[in-house]
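Hi,

Here is the structure I promised to send over.

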Amino acid sequence: MAQKFLIVGGVAGGATVAAQIRRNDKESKIIMFDKGDHISFSNCGMPYYIGEVVESRDDLLIPSATFSKKYDVTIRTGSEVTGIDRQNKQIRVKHASDTYNETYDKLILSPGASAVVPNVTGKDKACIFSLHTIPDMDDIHSYTKANQPKTAAIIGAGFIGLEMVENLHALGIECTIIDRSDQVMKLVDKNMAAIIKDHLIEKGVKVILEDGLTGYSNEGKTIQLNSGNKMQADMTIMATGIKPNTKLATSASLKLGNTGAISVNEYMQTTDPDIYALGDAVETKDLITQTPTHTALAWPAHRQAFVIASHLNGGNIPYKGTLGSAVLKVFDLTVGATGHNSASLKKLGYTFKETTLRSYSHAGYYPGSEKLWLKVLFDDKTGTLYGAHVVGFDGVDKRLAILTTAITAKLTVADLPELELAYAPPYSSPKDPVNILGYKASSML
Ligand code: FAD
């Protein structure tokens, strides 16, 4: 029977779930709301447009009319959903100066997350930015064009901070990255993060660790740090984290989980079975430990969209959990991580062993062989893999994909030497670094 589906949020989770529903169901009405002016844009490409690696802004956007025609979805941009009336199964929508109600059979929430900016003095000045939306990207892009900044401070050495360093550096801007922790990229362990830090320094980036931002003065151009030190920067990027957008869910008394994100079951239903949620706004289970996790990455949003569309179509494919597999380019280096690191395992009280291998991407005699570092963390008795990090200049994503597959398949370190990974000199060695890592780790059991 034809139904009416309303979707809040029209980007990674929202647009994907709309397309997935339409693939299964040609009859139902689908209306997608986004408070912004764009849908289905590539958040992940935004740093590269700023750095002029992606030349055309249009390459990051899918016009609403194209999407609407392709998937027969009604799109309402500039439309903020401000409330959910669960009893009458309707939402409240604000569009320009108008507000109206729209009824639903099923409602899907994909409102994403928002950038968290510490509440310090001077944070609202014109040269201080965060990067989460297309308008954020446009602001940074026009600022760099109009003001030709010579120096930039990047606060926060996680994903977005590191991608912004690379892209501002590509514009000839001298960058300083600042993080209050004692390492960059907390997703990986300290010994792997040290490789990233060295590479940043090699590229001329100034790295300040164990020092945090306390405020701005001089129209945002002087940055004050915890240590009492001050530095000057023509512009600042605040890459200080995100928080899930849960306002709609809480105002409708939908349950939040331990992490503060929206609680959902294995089919992505909230505590109201007629309301689903996905993406950066939801809490899922860690695939390995089955503990609650809030992971803001594109793969989970896309997989969850598939799970919801199947469930709406009568299927029962569960979302099994999130590993948090992530990959990132930092200048010439690629950094990958999947599963847990030492800090998260210690926090959960797991006992584990770890080993790191320094190797090469492929046979040393074949041109272009590059250094490669791999690390695994594993159960100290059974050898079951808990997490892996890979850092290097070539062949990183391939090893990360192998280790991600191994963790998903619940393989142990003793299984890694048994993987018959294809070899020819331009690609690997007869024993791939993953095999050698497996031999090394197994010998510790
Ligand atoms: P979003 O894609 O953020 O969409 C949420 C949408 O909901 C927004 O458009 C918002 O306007 C709308 N909305 C919110 N509230 C309302 C409301 N009340 N009414 C109407 N509309 C509303 N992930 C990766 O895996 N790899 C990467 O390389 C990567 N790079 C990234 C780079 C940047 C700069 C950023 C910001 C993110 C990156 N991510 C990356 C994360 C990835 O983009 C997100 O995990 C993904 O977009 C989450 O999808 P979502 O649908 O939950 O939220």
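At what angle do helix α1 and helix α8 pack, and how far apart are their axes? Helix α1 (residues 12-24) packs on helix α8 (residues 298-312) at about 35°, with the axes 8 Å apart. Axes here are lines fitted to C-alpha atoms over the stretch in contact, and angles run from 0 to 180 degrees between N-to-C directions. Helices (H or I, at least four residues) and strands (E, at least two) are DSSP runs, numbered from the N terminus.

Before I go on: this is a predicted model, with local features needing pLDDT of at least 70 and side-chain atom pairs counting only at pLDDT 80 or more, while totals for chains, interfaces and linings use all residues. Residues are numbered from 1 along each chain as its sequence is written, and side-chain values use heavy atoms, without hydrogens and water.

On the α1 side, the contact (heavy atoms within 4.5 Å) includes A12, G13, T16 and V17; among the α8 residues are A301, H302, A305 and F306.

Then there's strand β26 (residues 385-392), where 8 of 8 residues are buried, meaning under 20% relative accessible area with a 1.4 Å probe, protein chains only. β26 pairs (at least two DSSP bridges between the strands) with β23 (residues 333-339) in the antiparallel sense over 6 bridges, and G339 sits opposite G387 of β26. β25 (residues 371-379) also pairs antiparallel with β26, over 7 bridges; L372 has G392 as its bridge partner in β26. β25 and β26 make a hairpin with 5 residues between them, and G383 in the turn has a positive phi of about 80°.

Cheers

How values were computed:
Buried < 20%, exposed > 50% of the residue type's maximum accessible area, 1.4 Å probe, protein only.
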